[in-house]
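Welcome, and please take a moment with the sequence and the model before reading on. The report below walks through the helices, their packing and a few individual residues.

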Amino acid sequence: MSTYTDSDDDSAAPSKLFGRRRPVHEILGGGKVADILLWRDSKMSGALLLGMTTLWFLFEVVEYKFVTLICHLSITSMLIFFIWCTGAEIFKWNPPRLPEVILKDSAFKEVASTFHRRINQFLSKIFDIAYGKDLPLFFLAIVSLYLLSVIGSYVSFLNLVYFGFVALETLPFLYVKYEEEVDHLAGKAIYHTKKSYRNFDAKFLNKIPRGPVKDKKLR
């Protein structure tokens with residue numbers, strides 16, 4: 001039966017959060033999405049945050065219905081295009097044109113491919129955790145999902161999505177900005193958590209009686 005003392009592991013915790021070895025930008029995909037989440041494309045990041053905030057305000061505060069909002073937006077857009085096209089014929093303006101990026105098949109295929117790849121990565125990670133190879137991570141995932149279910153019972157789905165989006169657009173950016181401070185504090189927390197778990201394992205789990213292990217005879 002193994003025992004554990006405080007002097008057995010005095011090594012410092014990992015220098016990077018979760019022991020990562022790649023830059024945050026590369027972990028987030030290294031493409032346009034990563035640029036947006038890390039505010040390297042500030043205009044697009046700001047536009048998405050403003051758009052999501054507007055939708056959240058309309059649905060949660062004003063209590064707009066989804067179908068009603070779509071119909072009103074469609075009516076407004078059609079009126080704007082009608083006035084623009086009519087004015088273009090009278091005053092010789094340039095008529096409105098739909099951006100080619102919206103019509104390209106490659107844009108839809110790229111979005112679908114990225115979504116498909118992320119879903120596969122998420123499911124693969126869930127299966128790896130469910131195998132129980134890393135027990136602390138397994139219990140952390142169970143507790144996190146339970147807490148999320150409790151929060152979901154008090155918060156509407158739209159609020160949860162909006163707050164998650166805000167966190168996704170702010171936490172990676174703030175982490176990169178204050179990376180050294182966060183890594184230092186997180187490293188200390190992870191180190192003390194692991195030490196507490198090993199003490200618990202040595203004092204309680206290892207003292208649970210187990211049946212004798214019999215060697216299997218080869219036939």
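## A term to start with

## What you are looking at

This is a predicted model, in which local features need pLDDT of at least 70 and side-chain atom pairs count only at pLDDT 80 or more, while totals for chains, interfaces and linings use all residues. Residues are numbered from 1 along each chain as its sequence is written, and side-chain values use heavy atoms, with hydrogens and water left out.

The protein chain has 9 helices and 0 strands, where helices (H or I, at least four residues) and strands (E, at least two) are DSSP runs numbered from the N terminus. Its pattern along the sequence reads α-α-α-α-α-α-α-α-α. Of the 219 residues in the protein chain, 14% are buried; buried means under 20% relative accessible area, exposed over 50%, and partly exposed in between (1.4 Å probe, protein chains only). Among contacts (heavy atoms within 4.5 Å) between residues at least 6 apart in sequence, 58% join residues at least 24 apart.

## Helices α3 and α8

Helix α3 covers residues 42-61 and helix α8 covers residues 157-177, and the two pack at an angle of about 160° with their axes 10 Å apart. Here the axes are lines fitted to C-alpha atoms, for helices over the stretch in contact, and angles run from 0 to 180 degrees between N-to-C directions. The helices α3 and α8 are therefore roughly antiparallel to each other; angles under 35 degrees count as roughly parallel, over 145 as roughly antiparallel, 65 to 115 as roughly perpendicular and the rest as oblique.

On the α3 side, the residues making the contact include Leu-48, Met-52, Trp-56 and Phe-59, and on the α8 side they include Leu-158, Tyr-162 and Phe-165. By class, this contact of α3 with α8 has 10 nonpolar, 3 polar and 2 charged residues. In that count, Ala, Val, Leu, Ile, Met, Phe, Trp, Tyr, Cys and Pro are nonpolar, Asp, Glu, Lys and Arg are charged, and the others, Gly among them, are polar.

## A closer look at Asn-159

Is Asn-159 buried or exposed? Asn-159, which lies in helix α8, is buried, with a relative accessible area of 15%. Leaving aside neighbours within four places in sequence, Asn-159 is in contact with Trp-56 and Glu-60.

## Helices α8 and α9

Helix α9 (residues 179-203) packs with α8 at an angle of about 95°, and their axes are 5 Å apart. That makes α8 roughly perpendicular to α9. Tyr-175, Val-176 and Lys-177 of α8 make the contact with Glu-179, Val-182 and Asp-183 of α9. Sorted by class, the contact has 3 nonpolar, no polar and 3 charged residues.

## Spans from the UniProt record

An unreviewed UniProt entry places the feature "transmembrane region" at residues 44-62, 69-91 and 137-168; such annotations may be inferred rather than shown by experiment. In the model, residues 44-62 are 95% helix and 0% strand, with end C-alpha atoms 25 Å apart. Residues 69-91 are 100% helix and 0% strand, and there the end C-alpha atoms are 32 Å apart.

Trp-39 sits in the loop between α2 (32-37) and α3, and is partly exposed at a relative accessible area of 27%. Its phi is near 60°, a positive value in a residue other than glycine. Glu-63, in the loop between α3 and α4 (66-91), also has a phi near 60°, and counts as exposed at 59% relative accessibility.

Finally, Ile-142 belongs to helix α7 (residues 135-154) and is partly exposed, with a relative accessible area of 45%. The C-alpha atoms of Ile-142 and Ala-130 are separated by 9.5 Å, although the residues are 12 apart along the chain.
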